[in-house]
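Dear colleague,

I am passing a structure on to you below, and after it you will find some notes on what turned up in it. Please keep the structure open beside the text while you read.

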Amino acid sequence: MAWLAAGEGYEIALVEGRVAARSATGRTAGRQLKTLPKALKDHPEVDRLRRLAEWLDRHEAACAAQVDGWMVSSLPVPTELLARVWPDEAWQRALRDVAVVGDDPDEVGFLRDATASGELKVVNLDGETVRLSPRTVTLPHPVLLPDLDDVRDFAAELGIVQRVEQIHRATWLKPAEVAATATEVRDYAGGAFPTRFSLAARATSLGYRVSGGYATCKVRDSGTGTEAAVWIGEPYYDDETTTGALSWHDEDGRAVRLTEVGPVAWSEGMRMAAALYAGRKIEEGGDA
C-alpha cells in the first residue's frame with residue numbers, strides 16, 4: 001500500500017494490518033518508526049486507515065467463513081466465480097490450497113491459481129500441476145474424501161497450510177450399527193460449566209449459533225439441509241449447567257433418526273459437541 005502524507009514530516013500506511021508511520025524528511029526519511037508518534041494518534045488519516053484495517057479484517061473473516069460454508073455444505077461452486085474473486089488477496093488466502101474436485105469425483109487437487117479465463121491450476125495427488133476448466137467444482141468435506149490419510153500425508157509433504165480447516169479437520173465416522181429408532185448421541189453430554197452463559201459464550205466463540213437452549217450448526221448433506229443441535233440449558237439460567245445430548249433436525253424442525261443422518265452432518269455435529277465438551281470444568285485433586 002502506498003505511503004500517505006500525514007502531519008508535518010510523517011507518512012503513514014497499513015503494514016501487516018496495522019497503521020505504521022515513517023519519517024518523510026531529514027536524514028531518517030523513509031525509515032519506519034517502531035511506534036506511532038503521539039502527534040499522529042488523532043490524525044484523520046490515521047483514523048481512516050484504522051477503520052480500513054478493521055474492514056479488511058472483517059472482509060477476510062467473511063471470505064474464510066464463506067469458503068468454510070461451501071465446504072461443509074458440499075455445494076457446487078462456479079469456476080467463473082472463483083476466477084472473479086481470486087485477485088482479491090483475502091479470497092486468495094481463504095481459497096489457496098483448498099482441495100477441490102472437478103468433473104471427475106476421484107480427481108482431487110489443491111487449488112493454486114484461478115485465471116481470468118475461468119481456468120483453475122491445481123496440484124494433483126501425483127504432484128503435478130494441471131489445468132482444469134469444469135463449470136463447477138466442489139470443496140469436499142474431508143469425511144467424503146477417499147484415502148484421507150494419504151491425502152493428509154501428501155499435503156504434509158507439500159507443506160500445505162490451509163486458511164480454512166479442511167484436510168486436517170477433525171472428523172467422526174458414524175458407527176456401522178446404530179439403534180433404529182435412536183435420535184440422540186450422548187458421547188459428549190455431561191460436561192460441566194460454571195454457568196449457562198459461559199457455555200453459550202464458548203459456543204459463539206467457536207462460530208456456532210445459539211438459539212434458545214441449543215448450540216447449533218447447519219449442514220447440507222447429499223442435497224438435504226440438516227441442523228445439528230446440542231442442548232446447553234435454558235436461557236437466563238445462572239447456575240452451573242452441563243452439555244446435553246446431540247441431535248439432528250430436518251429443515252422442518254423434525255428430529256432425524258441417527259440411521260438417516262448423513263456422513264457430513266454426523267461429523268460436523270460430533271465435532272461441535274466435542275468442541276463444547278472440551279471446555280468443561282476439570283475436577284482436580286484426590287477426589288477428581
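**A sheet, a helix and a cavity**

Four strands form an open sheet in the order E5-E6-E7-E8, and their pairing is antiparallel. Strand E5 (99-101) and strand E8 (129-132) are the edge strands, each of which pairs on one side only, and neighbouring strands of this sheet are turned against each other by 50° on average, with direction ignored. Please bear in mind throughout that this is a predicted model.

Which helix lies across strand E6 (108-114) and E7? That is helix H4 (residues 148-158), which runs at about 40° to E6.

The other finding is a cavity: the count comes to one with a volume of 30 Å³ or more, and the largest cavity has a volume of about 40 Å³. Its lining is made up of Val-185, Arg-186, Asp-187, Tyr-188, Ala-189, Val-230, Gly-244, Leu-246, Met-270 and Ala-273. Sorted by kind, the lining residues of this largest cavity divide into seven nonpolar, one polar and two charged; Gly is counted as polar here, and Asp and Arg are counted as charged.

With best wishes

Conventions: Residues are numbered from 1 along each chain as its sequence is written. This is a predicted model: local features need pLDDT of at least 70, side-chain atom pairs count only at pLDDT 80 or more; totals for chains, interfaces and linings use all residues. Side-chain values use heavy atoms; hydrogens and water are left out. On a 1 Å grid over the protein atoms alone, a cavity is a set of points where a 1.4 Å probe fits but cannot get out, and a pocket is an open set with protein on both sides within 12 Å along at least five of seven lines; lining residues have an atom within 4 Å of a point. Grid points are joined across faces, edges and corners, and a volume is the space filled by probe spheres set on the points. Two strands pair if DSSP finds at least two bridges between them. Helices (H or I, at least four residues) and strands (E, at least two) are DSSP runs, numbered from the N terminus. Axes are lines fitted to C-alpha atoms, for helices over the stretch in contact, and angles run from 0 to 180 degrees between N-to-C directions. Contact means heavy atoms within 4.5 Å.
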